[in-house]
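User: I would like to learn how to read a few features of a protein model. Please start with disulfides.

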Amino acid sequence: AQIFGSSPATSKTLGPVGLLYRFNQNLSILGGSSFSATIGVTGAAFNTAGITVAATDIKAFIGTIASTGSIQLTGNAASLVCTIVPTTTQLLLTNCSVSAATGTGSISGFIISGVVFDNATGLATAGGTIALTATVNLTTGGTVLFETTASTAVVTSRNSLTTTVTATSPSLIDVGSSPAFTRLANGSLTVSIATINVTHNAALAADLTTVITGTTLAGVTGAASGAANFIRLASPILADDAVASAQLTSTTAANIVSRTTTSFGSGFVTFTLASAAAIQDPFNVVINFNGTGQIDAATGSTVDVSFAGIGATSATANDAAPTGVTGGSAGSLSRNGLSINVNGIQPSVAQGARTYTSLLRIVNNGAVAGTVTVVLRNSDTGVSLGTYTSPSIPATSAIQVSSATLETGAGITPTASVLYQATVTGSITGYVQHVNWNQDAGFFTDLSGRRSSSNGVN
């Protein structure tokens with residue numbers, strides 16, 4: 001677990017644990033052989049109070065260590081006798097020899113019990129380490145280098161809390177709702193577009209032995225919690241006038257946050273967590289629609305998560321704040337059926353000295369007959385003027401509708417200075433062609449930008 005902060009107090013300790021040192025090759029125990037060893041530490045300090053010179057603190061072993069942890073030597077009563085001098089930076093072992101050993105043989109290494117680490121600055125961030133180095137010398141009849149061991153990590157910190165953002169499956173907006181596209185295909189006015197989970201992975205407690213799993217965290221503490229602990233949605237959905245509110249929901253009441261459209265930012269909404277929040281809780285980002293405005297298709301939504309304001313959570317778990325997420329994927333919204341915008345539709349009355357008329361050719365290239373609705377808006381102001389509903393369009397067929405027909409069906413009195421913008425929606429699949437008829441010159445002009453998509457702008 002990520003145990004220490006950037007300026008840890010020396011009173012924070014890890015251990016006690018046993019350090020096992022295995023020689024690169026066995027060391028002979030014949031003829032009263034002796035050795036010395038120096039073990040240095042980086043990323044922490046040794047707690048000298050935890051190590052004594054008692055005979056039980058240092059033991060030698062040969063071969064492998066039995067499952068019971070017993071030390072196996074060639075003599076029944078054989079033991080390793082050393083003088084140990086602990087300092088904060090190194091452990092000095094001198095005059096180490098095996099007593100009461102019989103026969104021939106060697107030892108494979110030794111164990112120092114009761115080792116405790118202090119001031120572990122190396123564990124201040126996830127991935128940091130406490131590392132040990134060692135030098136072993138033969139000291140029988142002089143001092144000869146036996147072997148050295150390069151810096152080796154013995155404790156590595158990890159952030160045992162992981163944050164994940166999971167996009168929900170794409171949601172379909174229903175063309176068949178009334179008005180069209182004002183509900184989702186399942187009839188709902190609510191969609192969850194992302195789920196955020198904080199998961200506790202298995203980690204070790206400060207004794208480096210006890211396994212910590214699934215710790216429940218109260219989590220949000222400190223003055224910075226409101227600004228530093230948040231879940232933020234960035235989405236084109238939030239610019240849609242069909243949106244009534246956005247919510248962060250969870251199983252814990254203190255985590256539920258609602259935002260109305262007046263509190264949205266420019267394409268994003270931020271939910272800050274209260275001081276009572278429990279972060280190890282599934283969160284859902286939910287959008288609520290008003291049931292009257294047409295819901296627009298939307299892709300490219302993302303979720304950012306930060307728990308940087310979380311203070312100390314548990315003396316047992318030794319957790320730090322979970323890692324954040326930037327740009328996590330969120331779900332998308334798409335429309336079924338026909339959904340096309342048509343711009344620059346001419347009214348049916350003369351525009352000055354000339355008379356232009358617009359014609360919409362609505363093509364059903366699907367296998368099922370269906371109707372379409374045409375919502376006419378003032379091109380300059382966007383104000384809705386009225387809605388025209390077509391007759392049924394047979395499969396693989398088309399109808400042509402003049403601006404005069406659209407105006408009559410929508411109850412609009414035309415004005416020469418007002419052009420129309422139209423939204424054509426329906427349960428059919430196909431396209432819309434915009435044709436301009438110049439009555440004075442006697443010719444047609446195709447004004448369509450494209451005619452191959454059910455969701456395009458013409």
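User: How many disulfides does the model have, and by what rule?

Analyst: A disulfide is a pair of cysteine sulfur atoms within 2.5 Å. By that rule the count is one. The partners are Cys 82 and Cys 96, whose sulfur atoms lie 2.0 Å apart. The torsion about their S-S bond is about 130°, so the disulfide is right-handed. Cys 82 sits in strand β5 (residues 79-86) and Cys 96 in strand β6 (residues 90-99), so the bond ties together parts that are 14 residues apart in sequence. Helices (H or I, at least four residues) and strands (E, at least two) are DSSP runs, numbered from the N terminus.

User: What should I know about the model and its numbering?

Analyst: The model is predicted: local features need pLDDT of at least 70, side-chain atom pairs count only at pLDDT 80 or more, and totals for chains, interfaces and linings use all residues. Residues are numbered from 1 along each chain as its sequence is written, and side-chain values use heavy atoms, with hydrogens and water left out.

User: Are Cys 82 and Cys 96 buried or exposed?

Analyst: Buried means under 20% relative accessible area, exposed over 50%, and partly exposed in between (1.4 Å probe, protein chains only). Both Cys 82 and Cys 96 are buried. Of the 458 residues of the protein, 44% count as buried.

User: How do I read burial along a helix?

Analyst: An α-helix has 3.6 residues a turn, so residues three or four places apart point the same way. In helix α2 (residues 403-410), the buried residues are Ser 403, Leu 406, Glu 407 and Ala 410. Seen down the axis of α2, they fall within an arc of 95°, so they line one face of the helix. The arc is that of the directions from the helix axis to the C-beta atoms.

User: Which strands do the buried residues of α2 pack against?

Analyst: Packing is read from contacts, meaning heavy atoms within 4.5 Å. The buried residues of α2 pack against β24 (338-345), β25 (356-364), β26 (372-378), β27 (384-389), β28 (397-402) and β29 (420-426). Just after α2, Gly 411 has a positive phi of about 70°.

User: Where is Ser 402, and what does Ser 402 touch?

Analyst: Ser 402 belongs to strand β28 and is buried, with a relative accessible area of 19%. Leaving out residues up to four places away in sequence, Ser 402 touches Ser 358 and Leu 359.
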